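Got a few minutes to go through some labels and ask where they come from? Here is the structure to look at.

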Amino acid sequence: EQVGSALEALYSHQGESPTFIDIAPQLAWHFHEAQIADKAILYLRQAGERAVQLSAYQEAITHLTKGLAMLNALPDSTQRAQRELALQLALCNAWIGPKPYGSEVINALTRALHLCQQLGDTPQLSLVLGEFSVYHYVRAEHRRALEFGQQAYDLAQQVKDPMLLAILHWYLGFIWFALGEYKTARIHFKYVIDFYNPEQHHRPIVFLRGSDAGIGALAYDACCL
């Protein structure tokens, strides 16, 4: 606990990011060993998300699974549900790397869907429904994918989050591409391409999705052409 607290103080005094993302693995380890659940769970999630950004998927799965195990020992509350939702979404991105849309991904998504419905969290529900659309897309269940993608997009329009809308335009674009509707697909890809600035959007989109919608939209747009 003393070492973890000292690291927090050191990096805050140096003007580092308030999320301490670069030293999250060390902070997670110290507070986990100290059995300080609140801080350990926070930093285990951040360490997992950082590992996903580095494509260190097994490391991410280890951090996030450990965070969920600690969370299970806490009493039920709205705050606990919110923390679990963040962990489950991060775990979904971690599992997509080594086992794209295997049972581990679906288990995490199903739990996240239940938590979104419990919490009434519209932006996160939109993300979860979007991931279900991709799941059906990779199984070549394109009409089913389109249903989930459209539901996700309709919810995203309510919250008016430009980055979330860009991700969902990307999903709808490649689903329409798979259906052979290239002109419709290109309308969605154009939205993403016009929105996307690599320096500004690469990292946050990968943080949300695990991969880069801007690069994906350009690739699929070329396929449409």
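**Labels and the numbers behind them**

Q: Why is Arg45 called partly exposed?
A: Arg45 has a relative accessible area of 21%. Buried means under 20% and exposed means over 50%, so Arg45, at 21%, lands in between and counts as partly exposed. Keep in mind that this is a predicted model, with a mean pLDDT of 90 for the chain.

Q: And what makes Glu49 buried?
A: Glu49 comes out at 13% relative accessibility. The cut-off for buried is under 20%, so 13% puts Glu49 on the buried side.

Q: How do you know that Arg45 and Glu49 form a salt bridge?
A: Their side chains meet at 3.1 Å, N to O, and the rule asks for a nitrogen within 4 Å of a carboxyl oxygen, so the pair qualifies. Both residues sit in helix 3 (residues 37-53), four residues apart, which is about one turn of the helix.

Q: What makes Arg80 and Glu84 a salt bridge?
A: The closest N and O atoms of Arg80 and Glu84 are 3.6 Å apart, and the limit is within 4 Å, so this one counts. Arg80 and Glu84 are four residues apart in helix 5 (residues 78-96), so about one helical turn separates them. Both Arg80 and Glu84 are buried.

Q: Why are Asp194 and Lys190 called exposed?
A: Asp194 is at 54% relative accessibility and Lys190 at 52%. Exposed means over 50%, so both get that label. Their side chains meet in a salt bridge at 2.7 Å, N to O, and the two are four residues apart in helix 10.

Q: Why is the pair of Phe177 and Tyr182 called tilted?
A: The ring centres are 5.7 Å apart, and pairing needs them within 6.5 Å, so Phe177 and Tyr182 are a pair. Their planes stand at 50°; under 30 degrees would be stacked and over 60 edge-to-face, so tilted is what remains. At 21% and 40% respectively, Phe177 and Tyr182 are partly exposed.

Q: Then what makes Phe189 and Tyr220 stacked?
A: With centres 5.8 Å apart and planes at 15°, the angle is under 30 degrees, so Phe189 and Tyr220 count as stacked. This pair links distant parts of the chain: Phe189 is in helix 10 and Tyr220 in helix 12 (residues 213-224), 31 residues apart. Both Phe189 and Tyr220 are buried.

Technical notes:
Residues numbered from 1 in each chain as written. Predicted model: local features only at pLDDT ≥ 70, side-chain atom pairs only at ≥ 80, totals over all residues. Heavy atoms only, no water. pLDDT = per-residue confidence, 0-100. Phe/Tyr/Trp six-rings, centres within 6.5 Å; stacked < 30°, edge-to-face > 60°. Buried < 20%, exposed > 50% of the residue type's maximum accessible area, 1.4 Å probe, protein only.
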